[in-house]
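Keep the sequence and the coordinates open while reading.

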2 protein chains.
Amino acid sequence: MEVKSRAPGKIILTGEHAVVHGSTAVASSIDLYTYVSLHFSTPSDNEDSLKQKLQETALEFSWPITRIRAAFPESTAQLSSTPNSCSVENAKAIAALVEELNIPEAKLGLASGVSAFLWLYSSIQGFKPATVVVTSELPLGSGLGSSASFCVALAAALLAYTDSVSLDLKHQGWLSFGEKDLELVNKWAFEGEKIIHGKPSGIDNTVSAYGNIISFKSGNLTHMKSSVPLKMLITNTKVGRNTKALVAGVGERMLRHPDIMAFVFSAVDSISNELTSILKSPTPDELSVTEKEEKIEELMEVNQGMLQSMGVSHATIETVLRTTLKYKLASKLTGAGGGGCVLTLLPTLLSGTVVDKVVAELESCGFQCFIAGIGGGGVEISFGVSS
Amino acid sequence: MEVKSRAPGKIILTGEHAVVHGSTAVASSIDLYTYVSLHFSTPSDNEDSLKQKLQETALEFSWPITRIRAAFPESTAQLSSTPNSCSVENAKAIAALVEELNIPEAKLGLASGVSAFLWLYSSIQGFKPATVVVTSELPLGSGLGSSASFCVALAAALLAYTDSVSLDLKHQGWLSFGEKDLELVNKWAFEGEKIIHGKPSGIDNTVSAYGNIISFKSGNLTHMKSSVPLKMLITNTKVGRNTKALVAGVGERMLRHPDIMAFVFSAVDSISNELTSILKSPTPDELSVTEKEEKIEELMEVNQGMLQSMGVSHATIETVLRTTLKYKLASKLTGAGGGGCVLTLLPTLLSGTVVDKVVAELESCGFQCFIAGIGGGGVEISFGVSS
């Protein structure tokens, strides 16, 4: 029995940081995925362990099923329909299982992902021997939602053969979940995210599960579909950020200059609202795709100015901005800033030659470039993939 | 008889562009001056012409007094107490006088300054033969108020020996004007500025005449003295700007995104208000000079973000920002943007070695650097300088 799932990454189109202070933010799925392939061992495999392979890092972990069973004595696969938070006791058991792995120090950042894996696996599938292979098109820890897409893809694959969801097991190719099943996948994924991030907002896993565009304000999410097939160049500066410190810095600036920053956050709120109305309005209406793209480019430029005024830009981000500006392309940082990723809108009418040039120039600076369509579908699964 | 005058240049500390849309802006004098030295020919000089020497450009212009008299038949020195606009007829006569000079094409930008000179000279001094030498520490056409400081210094020198002002002719060293006389100098300077710029705001000449700090909003000016001895590094990118096009660009963005830009302009208004309250508050009070400087640096960074969101930055401006940021110094463009000058606050406690390094690095990019104290006095004159 084998199932494969894929869940998209996400970008913040507008409103990062300001959202903490009550402004609307807009996030979107990107068509870069984390893939999870789950293969249950059959008796003829004569295999009695749980294995996790992380293709990108060439790491492979393995636990005897007896160890898993001992660690989670109360787990039963019947619980898969009610997403459960990892208790302090479970967390301790997981920590012990992870510690035994002797993960190389340079890759210790993966430990929390392994912990989430162990919790979701044992909670949803109990103690079946299996091999789980994870591959991802998303860079880790760069604000593109790699951990959320891993949790979503994992939850989807783990739930696929359970009675908690109802899927057409004979479907050929990628298959979406129904509304209720999607909710369950998303809830489990959120439990995984909590293990990885402590107090995640839930935006990343929701975008990865549902796909499309989501605007959010003060904890309220609004799902929408985009009528504009936007394409973004995503440049990973590879500069690691301290998201907490960046968020705290904006908060301190707010305390020092409350009048000014209140207007800045209001401006960002208006940017997000204008973006969603452009994305939602049918094409073609009064505005052609090109006109919409031009408006969105201007909104990105204005939003980037706001982010600079919050003090969350970075020298590498400025380098990306300067480089893309040479080609008259609009860019803004996405996510926490202070490094991380930068978005550049690639207009429909832009020639591939120009794109190649920009990418080559950015890569020559040591950056990593991705081209992604935005606003596509969410998590999907595919059955019976031969291993 | 000889008199020398000097009038300071200006910088916009906060609020450029937004001021067009109703926000407060704050301008300040800088201790970089245009000097005008006026030497009236005596009968023994056997000289019957009016000469203007522009030291920086090594240009020298000369007109026989008979030509000046023929050009302005109705001029009398008695009119010096009532500033007069240049009529269309006068403008034609001036154009003819300037045309005769055959100014080299590369320096034709100076023609309007020569026109202003002819108008102010003939209106205030009538037809006395004299030599006027102009030297300036200010780069031309870079937004530092070079033309206004020329007009102010010229008007001051021309008025000094007239009955329209009352000055202590025996004073040694630099002498300020009384309130009423200063007003007259400023009004004449404004007439000169009108010839040079068409429709000047009057801010530049007012800052140059009165010195100190001036905040302005919807045409209302408020004079104030700064309690903080700020020092700025002014970097001239040497990129010429099209101020009209930049102002129009912001206006168009305002029309396309009225909600967003209204918040942006409100934020800038708050920045200017916060700046003036920091500059006015006595030192030492709760805030030390260093604390004030840190607040001002943050305001500059926020204002620069707003200017970027208005779309008036420029690749060279970004280069200056990036360079100064390496030394943890805050910068913003000043004036119209799109090139022009960038301000960098030099904190009191910053070592001279760091300043030298920053300047060297900026100059290696082809920029021109000035260090200026801000908020000093306005126009001054000095009598009896031997030529």
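Helices (H or I, at least four residues) and strands (E, at least two) are taken here as DSSP runs, numbered from the N terminus. This is a predicted model, in which local features need pLDDT of at least 70 and side-chain atom pairs count only at pLDDT 80 or more, while totals for chains, interfaces and linings use all residues. Residues are numbered from 1 along each chain as its sequence is written, chains are lettered from A and ligands numbered from 1 in the order in which they are written, and side-chain values use heavy atoms, with hydrogens and water left out.

Burial is judged by relative accessible area, computed with a 1.4 Å probe on protein chains only: under 20% is buried, over 50% is exposed, and values in between are partly exposed. B:Leu54 counts as buried because its relative accessibility is 11%. In sequence, B:Leu54 and B:Val132 are 78 residues apart, and their C-alpha atoms are 8.6 Å apart in space.

Another residue of chain B to locate is B:Gly335, in the loop between strand 10 (331-334) and strand 11 (341-345). With a relative accessibility of 13%, B:Gly335 counts as buried. B:Trp119 is 216 residues from B:Gly335 along the chain, and 27 Å separates their C-alpha atoms.

Two loop residues of chain B have a positive phi without being glycine. B:Asn102, with a phi of about 50 degrees, sits in the loop between helix 2 (88-99) and helix 3 (111-125). Its relative accessibility is 65%, so B:Asn102 counts as exposed. B:Lys328 has a phi of about 60 degrees and lies in the loop between helix 10 (315-326) and strand 10. B:Lys328 is exposed as well, at a relative accessible area of 73%.

Helix 9 can be followed in both chains. The expected span of a helix is 1.5 Å times one less than its number of residues. For helix 9 of chain B (residues 289-309), with 21 residues, that should give 30 Å, and the end C-alpha atoms are 30 Å apart, so the two values agree. Of the 21 residues in this helix of chain B, 15 are buried, and the helix is mostly covered. After helix 9 of chain B comes B:Gly311, with a positive phi near 80 degrees. In chain A, helix 9 has 21 residues and reaches 30 Å from first to last C-alpha, close to the expected 30 Å. Helix 9 of chain A is also mostly covered, with 15 of 21 residues buried, and A:Gly311 follows it with a positive phi near 80 degrees.

Rolling a probe the size of a water molecule over the atoms shows where empty space is left. On a 1 Å grid over the protein atoms alone, a cavity is a set of points where a 1.4 Å probe fits but cannot get out, and lining residues have an atom within 4 Å of a point. Grid points are joined across faces, edges and corners, and a volume is the space filled by probe spheres set on the points. How many cavities of 30 Å³ or more does a search of the whole structure find? The search finds 1, and the largest cavity has a volume of about 60 Å³. Its lining consists of A:Leu13, A:Thr14, A:Leu230, A:Met232, A:Leu275, A:Ile296, A:Leu299 and A:Met300. Strand 1 (2-14) and helix 9 (289-309) of chain A each supply at least two lining residues; the largest share, 3 residues, comes from helix 9. By class, the lining has 7 nonpolar residues, 1 polar and no charged, where Ala, Val, Leu, Ile, Met, Phe, Trp, Tyr, Cys and Pro count as nonpolar, Asp, Glu, Lys and Arg as charged, and the others, Gly among them, as polar.

Aromatic rings come next. Rings of Phe, Tyr and Trp (its six-membered ring) pair if their centres lie within 6.5 Å; planes under 30 degrees apart count as stacked, over 60 as edge-to-face and the rest as tilted. Over all chains there are 15 aromatic pairs. The pair of A:Phe61 and A:Trp63 is tilted because the planes stand at 45 degrees, with ring centres 6.3 Å apart. A:Phe61 is buried at 4% relative accessible area, and A:Trp63 is buried at 1%. Ring pairs join A:Phe61, A:Trp63, A:Phe117 and A:Tyr121 into a cluster.

Finally, UniProt places "domain: GHMP kinase N-terminal" (unreviewed entry) at residues 125-211 of chain A. That span is 49% helix and 10% strand, with its end C-alpha atoms 25 Å apart. UniProt also lists "domain: GHMP kinase C-terminal" (unreviewed entry) at residues 294-347 of chain A. Residues 294-347 are 52% helix and 17% strand, and their end C-alpha atoms are 8 Å apart. UniProt positions are given in the numbering used here, feature names are shortened, and annotations may be inferred rather than shown by experiment.

Note on methods
On a 1 Å grid over the protein atoms alone, a cavity is a set of points where a 1.4 Å probe fits but cannot get out, and a pocket is an open set with protein on both sides within 12 Å along at least five of seven lines; lining residues have an atom within 4 Å of a point.
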